[in-house]
Amino acid sequence: DVGYLISGLNTDLELGAKGLGVKVDVEEALGMDTTNSVFKFKGFWRFTDNLKHKFGFEYSAYRRDGNRTILEDFTIEDDQGNQITIPAGSQVSSYFDLDIYKFSYNYSFFQDDRMDLAFSIGAYVMPIEIGLNATGLVNVDETARFTAPLPTLGLRMDFAITPKWFIRSGLQAFYLEIDNFAGSILAANVAIEYLPWKHFGFGLGFDSLSVHVEADGKDYPAIDFKGEVDFDYRGLLLYSKLYF
């Protein structure tokens, strides 16, 4: 499947150990766009004769930047652990880059001529890069990079309305807390597909994703980050489908 996703975004960010920094809404405070349009790719492979086992993969990338004179002070922590307060009135440019790789294994525990119900396990791997550059009373140029791998458990349902019209839906969720790391994810999608030809069709769907990452060091694999990130999107996905 290759599609075009138009989504509304909400992102809250805190850089620094819990309680030291200030959590900000990046769309409101830093002037980042509240909507984003991206291409989304996903595919799957059923690899057994009974069609009960399936591997899946998805990818999408979000690139945003902002430029705004901030209206209130906020505090961040640099790489050396020093607190830096960026005062109100400073000109702040920023960017937030996020790649989402989703890997999944699905097992269909119920199948008939019209319905397929499956249990899924998988992981979201999300490289995140955040940058802030402030000029004015203080000059700040800080970048944070880390990768947030979060496992998921889920359910998926495919239903054939007719031989050419299908409803596809899925739900994945997980929460994990280890020492000074906490992460949660909730993803849901529903789509209607029309398959007019033997190997090609179209779909229109609704996607949503909510991710929370809170860390204070290296207590979780691939995480070397102090702060908190909340990222949410909800949007419409129009896609084409090649199948064989």
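Predicted model: local features only at pLDDT ≥ 70, side-chain atom pairs only at ≥ 80, totals over all residues.
Reader: Thanks. What box do the C-alpha atoms fill?

Author: Along the principal axes, that box is roughly 65 × 35 × 20 Å.

Reader: And how much of the chain counts as buried?

Author: Of its 244 residues, 45% are buried. The accessible surface is about 12,600 Å², and carbon and sulfur atoms hold 59% of that area.

Reader: What share of the contacts links residues 24 or more positions apart?

Author: Counting contacts with a separation of 6 or more, the share is 64%.

Reader: Let's go inside. How many cavities of 30 Å³ or more are there?

Author: Four. The largest cavity holds about 440 Å³ of space. Its lining is made of 31 residues, with Lys 42, Lys 54, Glu 58, Arg 156 and Asn 189 closest to the centre.

Reader: How does the lining of the largest cavity split by class?

Author: Eight residues are nonpolar, 12 are polar and 11 are charged.

Reader: And the second largest cavity, what's its volume?

Author: About 150 Å³. Here 16 residues form the lining, and Lys 40, Glu 58, Tyr 124, Asp 207 and Tyr 233 are the closest to the centre.

Reader: Which elements give two or more residues to that lining?

Author: Those are strands S3 (35-46), S4 (53-69), S7 (91-111), S11 (181-194) and S12 (200-217). By class, the lining of the second largest cavity has seven nonpolar, four polar and five charged residues.

Reader: Okay, switching to pockets. How much space lies in the largest pocket?

Author: About 850 Å³. The largest pocket has 25 lining residues, and nearest its centre are Phe 44, Arg 46, Arg 168, Tyr 243 and Phe 244.

Reader: Which element gives the largest share of that lining?

Author: That's S3, with six residues. The other elements that give two or more residues to the pocket are strands S8 (115-135), S9 (140-160), S10 (165-178) and S13 (225-242).

Reader: Nice. Last one: what classes of residue line the largest pocket?

Author: There are 13 nonpolar, two polar and 10 charged residues in that lining.

Terms used: Residues numbered from 1 in each chain as written. Heavy atoms only, no water. 1 Å grid on protein atoms, 1.4 Å probe; cavity = no way out; pocket = protein on both sides within 12 Å on 5 of 7 lines; lining within 4 Å. Points joined across faces, edges and corners; volume = space filled by probe spheres on them. Nonpolar A, V, L, I, M, F, W, Y, C, P; charged D, E, K, R; others polar. Helix = DSSP H or I, 4+ residues; strand = E, 2+ residues; numbered from the N terminus. Buried < 20%, exposed > 50% of the residue type's maximum accessible area, 1.4 Å probe, protein only. Contact = heavy atoms within 4.5 Å. Areas by Shrake-Rupley, 256 points an atom, 1.4 Å probe, with all protein chains shown as cover.
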